[in-house]
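This briefing is intended for a reader with the model open alongside the text. Please view the structure first and then follow the points below.

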Amino acid sequence: MGIALIWCLALILIKWITSKRRGAISYDSSDQTALYIRMLGDVRVRSRAGFETERRGSHPYIDFRIFHSNSEIEVSVSARNVRRLLSFQRYLRSSRFFRGITVPNSSNILDDDYNGQAKCMLEKVGNWNFDIFLFDRLTNGNSLVSLTFHLFNLHGLIEHFQLDTMKLRRFLVMVQEDYHSQNPYHNAVHAADVTQAMHCYLKEPKLSKSLTPWDVLLSLIAAATHDLDHPGVNQPFLIKTNHYLATLYKNTSVLENHHWRSAVGLLRESGLFAHMSLENRQLMESQIGDLILATDISQQNEYLSMFRSHLDRGDLCLENANHRHFILQMALKCADICNPCRTWELSKQWSEKVTEEFFHQGDIEKKYHLGVSPLCDRQTETIANIQIGFMTYLVEPLFGEWARFSNTRLSQTMLGHLGLNKASWKGVQREQSGSGDDVDPTFEEMDSDILPQEPRLS
Ligand SMILES: [Zn+2]
């Protein structure tokens, strides 16, 4: 089938889907734009002859042509320069999946032994030392689908909200596929890890006794989708490269807005909650947005001072839906940056992965003379320095307050790992530099406009 024909079919499909959706939910213009962007953002434009493409498949598409010209090039999405529509590919892949047609590839076939071990692991899904990397291997890279489906079941959400399990699985498959497996850090395994951590927090006595099924539902969906379609570069990078998402979201919480809108797009596309009232669906979409937007690390000080004030005054009342919602925002923030609170074996792997992603961005910035962002220069930064700064300025303050709110064994375990991991990185730092007191001040400047999301581990 020719490219032009595929493009025409895709356009018809998009038009049909969106006109169908309009019948059910009224859009404001930004919603509509965001949803078009989500679908069309999957479109990658063909690079011009002689132009070097970025091989890592950065997506949402980053047009590297802008670095090769003095004048701004208009990126027109036309039948001629469209190479492929990834959403369309996803449809084909998913439909093959649901028709039971598997690509002849032995790596897709798991024997019963692996399935048995994965099931066995799920019995301990509430343990803080749950090894998500092992679980991902045992599920053949389907940790996010398997884990989230299991948690929906465990929390009784399928029954309570009368969810169609096929639609639920389809939704989760789409979510998992919209994460970029090429990203060393911001991929579906990170999303699965955050969802598992969120589940641990939801089980904490203070929360579990007051949470409603609705709260649990939103928390799990927000955790699973909170980094959806993450391009593997941070907000300053999108701003300085004039990325369309930075323009669309006016340089504010650009990634988080995109993750949220992408999640909304998939929720609507899957029809998972089509049986609910329009009012409830709209409420769900906006509350999921509040949760995801809270993961913008550049806003951490605002959330933290609010949390601190509530704790000082002792006025948090979890019977109050607004207070519960605020605590869920704090819980998701904790889940998102809980890597340093895991065991050293798990924590170290995350540290290596996130640094790899930072350094990859730094490499691109160097290559295209964009000015290397803080923490992204592999010549001057080390994992140990980055981690110690991250722990000191972001993780310790957040988890300190969380332990004041929920002083349980889990909180103490997390703080214990945090202390041990920091000491381990300090040991590494001493070995590398001969001194041991370097704390990267970059993290202290989190509120500055220069560095809104630099150490973003979300
Ligand atoms: Zn995240």
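His 190 is located in helix α9, which covers residues 188–202; helices (H or I, at least four residues) and strands (E, at least two) are DSSP runs, numbered from the N terminus. His 190 counts as buried, at 1% relative accessibility, where buried means under 20% relative accessible area, exposed means over 50% and partly exposed lies in between (1.4 Å probe, protein chains only). The model is a predicted one, in which local features need pLDDT of at least 70 and side-chain atom pairs count only at pLDDT 80 or more, while totals for chains, interfaces and linings use all residues. Residues are numbered from 1 along each chain as its sequence is written, and side-chain values use heavy atoms, with hydrogens and water left out.

**Overall architecture**

- The protein contains 20 helices and two strands.
- Of its 458 residues, 55% count as buried.
- Among contacts in the protein with a separation of 6 or more, 77% involve residues 24 or more positions apart; contact means heavy atoms within 4.5 Å.
- The accessible surface of the protein is about 20100 Å², and carbon and sulfur atoms account for 52% of it; areas come from the Shrake-Rupley method with a 1.4 Å probe, and for residues only the protein chains shown count as cover.

**Zinc site**

- The zinc ion has as its protein donors His 190 (NE2), His 226 (NE2), Asp 227 (OD) and Asp 336 (OD), which lie 2.0 to 2.3 Å from it. Donors are N, O and S atoms within 2.8 Å of the metal (3.2 Å for Na, K and Ca), and water is not among the atoms, so sites may look incomplete.
- Along the chain, the donors of the zinc ion follow the spacing H-x35-H-D-x108-D.
- The angles among the four donor atoms range from 87 to 171°, and the site is irregular. Four donors count as tetrahedral if all angles lie between 85 and 135 degrees; four count as square planar and six as octahedral if opposite donors are over 155 degrees apart and all others between 65 and 115; anything else is irregular.
- The loop that holds Asp 227 runs between α11 (213–225) and α12 (235–240). Asp 227 has a relative accessible area of 0% and is therefore buried; Asp 336 is buried as well.

**UniProt annotation**

- In an unreviewed entry, UniProt lists His 190, His 226, Asp 227 and Asp 336 under "binding site". Although these residues are spread over 147 residues of sequence, they cluster in space, with a largest C-alpha distance of 9.9 Å.
- UniProt positions are given in the numbering used here, feature names are shortened, and annotations may be inferred rather than shown by experiment.

**Nonpolar cores**

- The largest nonpolar core has 103 residues, of which Tyr 201, Phe 399 and Trp 402 touch the most other members. Such a core is a set of buried Ala, Val, Leu, Ile, Met, Phe, Trp, Tyr and Cys residues joined through side-chain atoms within 4.5 Å.
- Helix α19 (residues 383–405) gives the most to this core, contributing eleven residues.
- Not counting residues up to four places away in sequence, Trp 402 touches partners including Tyr 201, Leu 207, Phe 307, Ile 327 and Met 330.
- A second, separate core has ten residues, among them Val 233, Leu 238, Ala 246 and Tyr 368.

**Met 198**

- Met 198 is in helix α9 and is buried, at a relative accessible area of 0%.
- Beyond its neighbours within four places in sequence, Met 198 is in contact with Ser 219, Ala 223, Leu 328, Ala 331, Leu 332 and Ala 335.
- The C-alpha atoms of Met 198 and Asp 336 are separated by 8.6 Å, although the residues are 138 apart along the chain.

**Backbone with positive phi**

- Most residues other than glycine have a negative phi.
- Asn 251 has a positive phi near 60°. Asn 251 sits in the loop between α13 (244–248) and α14 (254–270) and counts as partly exposed, at 38% relative accessibility.
- Leu 375 has a positive phi of about 75°. Leu 375 lies in the loop between α18 (344–367) and α19 and is buried, with a relative accessible area of 1%.
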